[in-house]
2 protein chains.
Amino acid sequence: MRLSRYFLPTLREPPREAEIVSHRLMLRAGMMRQEAAGIYAFLPLGLRVLRKIEQIVREEQNRSGAIELLMPTIQSAELWRESGRYDAYGKEMLRIQDRHEREMLYGPTNEEMITEIFRASVRSYKDLPLNLYHIQWKFRDEVRPRFGLMRGREFLMKDAYSFDVDEAGARHSYNKMFVAYLRTFKRLGLTSIPMRADTGPIGGDLSHEFIVLADTGESQVFCHKDYLGMAVPDEKVNFDDIAGLQKTVDQWTSLYAATEDMHEPDKYAAVPADAQVSARGIEVGHIFYFGTKYSLPMKAVVATADGKEVPVHMGSYGIGPSRLAAAIIEASHDEAGIVWPEPVAPFKVALLNLKQGDAATDGACDQLYAELTAKGVDVLYNDIDERAGAKFANADLIGLPWQVMVGPRGLAEGKVEIKNRKTGEKEQMSPAAAVDLLGR
Amino acid sequence: MRLSRYFLPTLREPPREAEIVSHRLMLRAGMMRQEAAGIYAFLPLGLRVLRKIEQIVREEQNRSGAIELLMPTIQSAELWRESGRYDAYGKEMLRIQDRHEREMLYGPTNEEMITEIFRASVRSYKDLPLNLYHIQWKFRDEVRPRFGLMRGREFLMKDAYSFDVDEAGARHSYNKMFVAYLRTFKRLGLTSIPMRADTGPIGGDLSHEFIVLADTGESQVFCHKDYLGMAVPDEKVNFDDIAGLQKTVDQWTSLYAATEDMHEPDKYAAVPADAQVSARGIEVGHIFYFGTKYSLPMKAVVATADGKEVPVHMGSYGIGPSRLAAAIIEASHDEAGIVWPEPVAPFKVALLNLKQGDAATDGACDQLYAELTAKGVDVLYNDIDERAGAKFANADLIGLPWQVMVGPRGLAEGKVEIKNRKTGEKEQMSPAAAVDLLGR
């Protein structure tokens, strides 16, 4: 993409309203814009990141056997009366009356609707297990939205719902999501640690939060340091292997790990002192097993092998891709700006023309752009007529993994300069070598 | 995808509430489910179609130079007061009060918001032309939602907005979208005809609807038959070629073409009798040029080359991917079910195991499934234990372009049967030949 044809409204000044670094950097880097309190437009650069996160989340859901569908944002209040949550859910639920004065709401989550879809068509244990997910906008009317995407009102959520004939099956479904989440966060370039969690308004017996460590995280967490290097199953993991998944989950839950809310200082004290990690963390995923909490009142039942009707055992599993965009920045930035992990970077390469209008420099840049693009590399080509210093600062701010700097001085020696955004390392090489390196 | 692990709740009986064929078939084929009046969940099969349509729309928007972003669904009423449309827009706008009693709304369209985004950062003619689009859920509170996705309340819309320094530039931007739309509908397997249209609540001077011909279409349309075979620019079309695009648009607007609303019987009478086409049509796209209607009241101005400030000239351009899913079915179905054009088919191949449980048949199917999948072909493998007749009927209903039927009788001769869903033609061939044919 040529910057001259793109829409990247970066800001020179840090915006005053932004209290945390991800919020500040997303606004400054032209990734998003606030349209109302806690409601943001994703500008083109931000949308590219969001879509990459979404796609990794989707691939790992699919790998685990979950099936994607898409539920609407607006729901009928009737449905929530069936579960009893319409009155129980507080003011965070955005309640709406349509033109016929029917009570509707903007879905903050979808347990009721997915249970309705399930009960309309599934009758037998033979159709189980089933895990249905969607990636859809949600709304929670936070009393004081803040911190940008970290606590917005309209946000993107992947929510999955599992259905099993009994608790043992549901436990395996839970373990599948547990492992899928470990894999998802790892692919996003994050170190995540599952921590036993409160079940809150979703309810249920068993729940884990996935916490990402970041110096600027929202809350204090405590864990054993062995989590930091613990192996995450690779892409060959067999999601049908009940015992194998249980072993992985056992390993990932055997050591001490707790958020502030669930912290037990005496148990933490039993962790060897040199293995105690007390750090800041950000919640990026939350999984629940809640048994028959929704299937009982909503009459979602299946026939078992011996012909009895039983309510299905359910779990729900959430990841917020929009929140993750912010969390990744919290975990990966420096003084100069964002440092994108390559899998979620909006473009892989920033190509900087250091003397726009100089025929030789323009020509070399155009050729590099064409060759990299032909190799399938996403390049943001800064072909704007502005001074080199502004281009350097802008490239550091938006944080693409690689910068290629092309100017008359280097070209005179047949060289361009490659900079690795993360390490800051620079190297001179021929344009052909640069294409070779970055096109891998 | 193995059907035994998928979620495809087809219906035996045509649902009573469905008045038109696309609505009936989408419900019967397990593509969607109504969650409230005019509000649908896309079940897995329907979502695959929606995503394929969306992707083709996206690719053609990108090819024309439009830039994707994503605006939120919930908007502030303030914004719409600036343009004067908050009061002007009727009850179709879903109005919402949040917990702090601020007036919000679920966006039915985004002219105001995109103008706000534009004016916040663009100052100069040098940053133009600019065309920004998003693909996002919209809500229009229809008094009587009906016809399934054809007139739903919550629907997916691609809406693009162009910004130019003057009318001549805006005309070129309009022509780009005109050509992008021709290409989009062609790629979707549709015959579309642009027809001069009323500008309605969007306002403006110039507008075309794109109408797809379908026997079961919603309204009567009248046109010259030469439109039916008119060439659509191929993918090498140069969107920067002002004169070239104008020539294409002139060609596509030179002959008579009108919807019922805009029909002029005396002009139509001037079309040679053997060239008169009177048919049913479905609106699938609508483009507008409306000059400074929003930029003037909302003060979206840019500096011209000679330093003056002028309000930008704008256009907006809509395609509804969810409506298109229904329109494609209206244009392509038969007595037995849907007939998907290959580019939007949810899977390319239905693999039917005609004797589930027979070791040889299961083995041959498993191998075909593995080989086709390895070639990147999307296969829906019916591995359910049900009779062959039900599998045939189901495959015809969901309408995948190709069916591969595998049974013991054919296998005894080393053959499987391939059926083309559209033509009904069947052919016996070896499994290897089938993989070769379908893997192309």
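A residue is called buried when its relative accessible area is under 20%, exposed when over 50%, and partly exposed in between, with a 1.4 Å probe and protein chains only. By that definition His172(A) is buried, because its relative accessible area is 11%. The structure is a predicted model, in which local features need pLDDT of at least 70 and side-chain atom pairs count only at pLDDT 80 or more, while totals for chains, interfaces and linings use all residues. Residues are numbered from 1 along each chain as its sequence is written, chains are lettered from A and ligands numbered from 1 in the order in which they are written, and side-chain values use heavy atoms, leaving out hydrogens and water.

His172(A) belongs to helix H6 (residues 167-187) of chain A; helices (H or I, at least four residues) and strands (E, at least two) are DSSP runs, numbered from the N terminus. Beyond its neighbours within four places in sequence, His172(A) is in contact with Phe239(A), Asp240(A), Asp241(A), Ile242(A) and Leu245(A), where contact means heavy atoms within 4.5 Å.

Aromatic rings come next. Rings of Phe, Tyr and Trp (its six-membered ring) pair if their centres lie within 6.5 Å; planes under 30 degrees apart count as stacked, over 60 as edge-to-face and the rest as tilted. The whole structure holds 31 aromatic pairs over all chains. Among them, Tyr181(A) and Phe210(A) form a tilted pair, 5.4 Å centre to centre with 55 degrees between the planes. This pair links distant parts of the chain, as Tyr181(A) lies in helix H6 of chain A and Phe210(A) in strand S10 (residues 206-213) of chain A, 29 residues apart. Both Tyr181(A) and Phe210(A) are buried. In chain B, the ring centres of Phe178(B) and Phe210(B) are 5.4 Å apart and the planes stand at 65 degrees, so this pair is edge-to-face. Phe178(B) in helix H6 (residues 167-187) of chain B and Phe210(B) in strand S10 (residues 206-213) of chain B are 32 residues apart, and both are buried. One aromatic cluster is formed by Tyr106(A), Phe139(A), Tyr106(B) and Phe139(B).

Strand pairing in chain A (at least two DSSP bridges between two strands) includes strand S1 (residues 32-36) and strand S2 (residues 39-42), antiparallel over four bridges. Arg33(A) has Ala41(A) in S2(A) as its bridge partner. Two residues lie between the strands of this hairpin, where Gly38(A) takes a positive phi near 70 degrees.
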